[in-house]
Amino acid sequence: MENTNKFFFVSLQKNIMSKILVTGGAGFIGSHTVVELQNSGFEVVIADDLSNSNENVIQQIAEITQKKPIFELVNLANEEVCKQLFTKHSDITAVIHFAASKAVGESVEKPLFYYKNNLCSLLNVLENMVQHNIKPIVFSSSCTVYGQPKTLPVNEQCPLQPAESPYGNSKQIAEEILSDCTKATSIKVISLRYFNPIGAHEAAMIGELPIGVPNNLMPFITQTAAGIREKLSVFGNDYNTPDGTCIRDYIHVVDLAKAHVVALNRMLKNQQKKSIEFFNVGTGKGFSVLEVIKSFEKTSGQKLNYQIVGRRAGDIEQIWADPKFANEELGWKAEKTLDEMTLSAWNWQKKLSKIA
Ligand code: WQD
């Protein structure tokens, strides 16, 4: 067996010994991460309350990877339920924690729900990790912790700004909880600060499944093109940017999913340099709303019906990542282009809407 295949086989064998708990693993980013984990030989337990997804995602993951993950329908904010989960799966070797509510606007209307759901879930998971001597956790954080950075691109040393929403604040508080936890226990953390994940797996069998009217730009674009929404409202074109619309660092969800597997392996191989590490997971490129629309029209061949309206409360003007630390320290780099992102999002929407 030639060396490269042998190396792959050996690393696959090692991963088969590792059972990973993926909380929120039926969600948009979670499901794509489960695909990458299973393709890398890990055994996966998905714990999800399906509040923002549906159970057929589990079957879709099985079809893509030829392996069905274990699925536990649980609400991790419930202490007793979480305890039973860890007792049942006491052979878990690591956790990837996605489970949280993440709609910025909704969090302003329901702050108590957001703090309770997002923070109680995390606290319950951490308590049980300590109880079962499970050390590694990869945490789903967000670039929202930076607010509107004073300098761009933003790196991990950039000071955190007061959060613009209870959602963003719950991520900041969560990072503080994790940091304190590493000082008092043997828990190790890698916190991945996502920028704007969009797109879908090339099989178009999993993707973003917004419930109700989408908050985020990409699903609103694809639903407009599919005729589900009448038109896209572009929230403001009077910002201090080249075309007046907000700029974000859009990253393909598969690139983001792969970053989780790299972070997990870093911890399983004891390569961490600190007990808690933070990484910006972005492409390093910023695109405006109008540039995303232009890319979508090009890749989908669909003319998008949109109008410019007033600004959306809470929006920051522009942010994009300096991904150098993740590129050099993790050895991970986003590979997919904006066109690949918008095309994959459209292919997924066509599948959802049964458009040929
Ligand atoms: C992007 C741009 C809008 C909808 C999201 C998540 C947040 C975090 C980061 C994970 C903005 C504009 C949008 C629409 C529009 N992710 N827009 N019309 O606000 O950057 O934050 O990613 O932690 O949880 O919410 O993403 O897609 O909502 O907006 O013009 O109908 O698109 O103004 O400039 P955002 P978004």
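Analyst: Helix axes are lines fitted to C-alpha atoms over the stretch in contact, with angles from 0 to 180 degrees between N-to-C directions. The model is predicted, with local features needing pLDDT of at least 70 and side-chain atom pairs pLDDT 80 or more, while totals for chains, interfaces and linings use all residues. Numbering starts from 1 along each chain as its sequence is written, and side-chain values use heavy atoms, without hydrogens or water.

The ligand site comes first. The ligand is surrounded by 20 residues (a heavy atom within 4 Å). The closest of these are Tyr-167, Leu-217, Ser-233, Arg-248 and Asp-315. In Ser-142, an N or O atom of the side chain is 3.0 Å from a ligand oxygen atom. For Asn-216, the distance between a polar side-chain atom and an oxygen atom of the ligand is 3.1 Å. On its own the ligand has 680 Å² of accessible area (Shrake-Rupley, 1.4 Å probe), and the protein covers 92% of it.

The shell can also be read by element (DSSP runs numbered from the N terminus: helices, H or I, at least four residues; strands, E, at least two). Both α8, residues 217-225, and β8, residues 232-235, supply at least two residues of the shell around the ligand. With four residues, β8 provides the largest share of that shell.

From α8 the view extends to another helix. The axis of α8 comes within 10 Å of the axis of α12, residues 338-352, and the two cross at roughly 55°. A second pair is formed by α6, residues 111-131, and α7, residues 166-184, whose axes come within 10 Å and cross at roughly 20°. Because of that angle, α6 runs roughly parallel to α7.

Most residues other than glycine have a negative phi, and most peptide bonds are trans. In the loop between α6 and β5 lies Asn-133, where phi is positive, near 55°, in a residue other than glycine. Between β5, residues 136-142, and α7, the loop contains Pro-153. The peptide bond that joins Leu-152 to Pro-153 is cis, with omega about 0°.

Asn-270 is not a glycine, yet its phi is positive, at about 55°. Asn-270 sits in the loop between α9, residues 253-268, and β11, residues 276-281.

Methods: Polar contact = N/O pair within 3.5 Å; in protein donor to acceptor, adjacent residues only side chain to side chain. Parallel < 35°, antiparallel > 145°, perpendicular 65-115°, else oblique.
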